[in-house]
Amino acid sequence: MKPDGEAPSTPSRGQTEISRSSTEREEGEEEVPTLHYSFLSESQLLRTRQLMFAYHAGRHIPRLREPLSLYAIATSGPQLAPRWPIECEVIKEQIHHIEWSPREAEKLSQPSQQEEEMPECAGEHSRTVVFCIDGARKGSYFTCSRVGGRRGLLHLATVGANTKDGNSLIFESRFESGNLQKAIRVGAYEYELTLRTDLYTDKHTQWYYFRVRNTRAGVTYRFTIVNLMKASSLYSQGLKPLLYSEQEAAQRQVGWYRVGQQIRYYKNGLSQEGRSLYSLTWSFQFPHGNDTCYFAHSYPYTYTHLQRYLAAIASDPVQSQYCKVRVLCRSLAGNIVHILTITSPPRSHKNSPAKKAVVVTARVHPGETNSSWVMAGFLEHLLGSSDDARLLRDMFIFKVVPMLNPDGVITGNYRCSLTGRDLNRNYRTILRDTFPCVWHTRNMVQR
């Protein structure tokens with residue numbers, strides 16, 4: 001019983017009162033009409049534009065419309081700077097390379113017919129260390145990150161260099177995707193190089209990317225990397241290291257190209273943690289004197305490069321109509337992991353057929369930069385104006401994660417993330433905060 005004078009309660013806005021049968025209805029109560037729902041009239045019944053229906057196999061399948069600007073990537077203004085572990089020193093110079101396509105196919109190195117003596121690993125005894133930075137420090141672990149890495153002034157990396165000798169090369173690798181831990185001068189134009197292992201591990205050395213200055217033209221140099229860990233390599237089958245010359249780029253618009261003679265990949269007799277080590281050695285000549293040059297294992301493709309590419313897509317008035325650039329998650333260091341949704345927009349919201357999804361990912365291993373260039377070619381075709389591209393967009397929804405391991409790419413790792421683990425072996429993980437990139441990718445596929 002309600003107190004005298006109190007009005008009978010009524011359903012609040014947005015609620016629906018359930019009609020009762022005639023036997024339950026009190027005397028004098030008006031009959032409430034029963035609502036019969038039909039998919040044929042959903043356009044009149046729905047009061048929201050967020051719910052859509054796709055027609056597939058004779059059934060109407062409800063789905064939510066994608067938010068227009070949720071986690072969208074900014075198309076103007078400065079890019080987000082990469083975040084580094086606080087142990088990493090980073091130079092402030094911005095590294096940029098031009099892109100170009102060689103007119104001729106790259107030539108393989110030809111094995112020499114003569115037996116040649118392999119360079120011996122002399123170490124630091126009676127030698128000159130011309131470049132040295134902190135190693136990966138096995139046993140430590142990632143704690144936090146910041147833009148620019150370690151606070152404070154950079155340490156002098158040319159430890160012990162003979163400043164009276166103006167012929168010594170000046171090495172540097174403390175930039176995005178760079179990897180070189182130490183350089184020892186063992187001869188007038190000969191250097192022994194040591195790569196940094198993946199951060200927080202004592203293994204995975206294959207990727208190298210470093211800069212040299214104070215070059216001399218017309219003389220033959222020899223570089224020997226002494227701590228590689230793979231028993232076999234394509235360097236034994238004709239692969240050459242890559243060289244980039246800033247003077248060649250400025251004067252002739254020539255980008256990365258392969259160089260090297262007397263290229264050898266061999267077991268060098270050294271070991272680390274019970275594992276045998278291997279050396280890669282090659283000789284070459286710089287194209288110009290007093291030049292700034294770079295060497296790399298494969299064509300570099302950095303996280304900053306990806307951000308520029310995605311910003312161009314998002315700001316393109318045509319491509320942005322069928323390619324939405326969003327944020328999948330943030331990596332362990334707080335860098336954005338991007339996801340692209342590519343499909344033709346529906347011509348009509350009524351009876352639009354359901355599309356199958358295609359998931360494509362790349363760069364789970366940071367040192368495999370060729371996967372990023374393959375991904376760039378894939379996106380260039382899929383976002384193009386060809387009949388094949390339009391047909392693919394009409395038939396499928398493509399979910400593309402172009403860089404699964406941005407932290408490893410930024411720091412110059414070869415295989416691991418900042419957990420010191422291979423993400424390709426952790427797709428079944430339940431540790432979302434430890435492996436956010438693969439956890440969110442798997443969750444997206446399951447949805």
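Trainee: How many residues lie between E7 and E8 in their hairpin?

Mentor: There are 2 residues between them. Please bear in mind that this is a predicted model.

Trainee: How many bridges join strand E7 to E8, and do they run parallel or antiparallel?

Mentor: Strand E7, residues 182–187, is joined to E8 by 5 bridges, and the two run antiparallel. As an example of the pairing, Lys182 has Thr194 in E8 as its bridge partner.

Trainee: Is E8 itself mostly covered or exposed?

Mentor: Strand E8 spans residues 190–194 and is mostly covered, with 4 of its 5 residues buried.

Trainee: Which way does E10 run relative to E8, parallel or antiparallel?

Mentor: E8 and strand E10, residues 221–228, run parallel and are joined by 4 bridges. Within this pairing, Tyr191 has Phe223 in E10 as its bridge partner.

Trainee: Turning to the whole sheet, what is the order of its strands?

Mentor: The order is E4-E7-E8-E10-E14-E13, giving an open sheet of 6 strands with mixed pairing.

Trainee: Why is one side of E4 and of E13 left without a neighbour in the sheet?

Mentor: Strand E4 (128–132) and strand E13 (261–272) stand at the edges and each has a single partner strand, so one side of each lacks a neighbour in the sheet. From one strand to the next, the twist averages 20°.

Trainee: How many bridges join E4 to E7?

Mentor: These strands are joined by 4 bridges and run antiparallel.

Trainee: Which residue in E7 stands opposite Val129?

Mentor: That residue is Ile184.

Key:
Residues are numbered from 1 along each chain as its sequence is written. This is a predicted model: local features need pLDDT of at least 70, side-chain atom pairs count only at pLDDT 80 or more; totals for chains, interfaces and linings use all residues. Side-chain values use heavy atoms; hydrogens and water are left out. Buried means under 20% relative accessible area, exposed over 50%, partly exposed in between (1.4 Å probe, protein chains only). Two strands pair if DSSP finds at least two bridges between them. Axes are lines fitted to C-alpha atoms, for helices over the stretch in contact, and angles run from 0 to 180 degrees between N-to-C directions.
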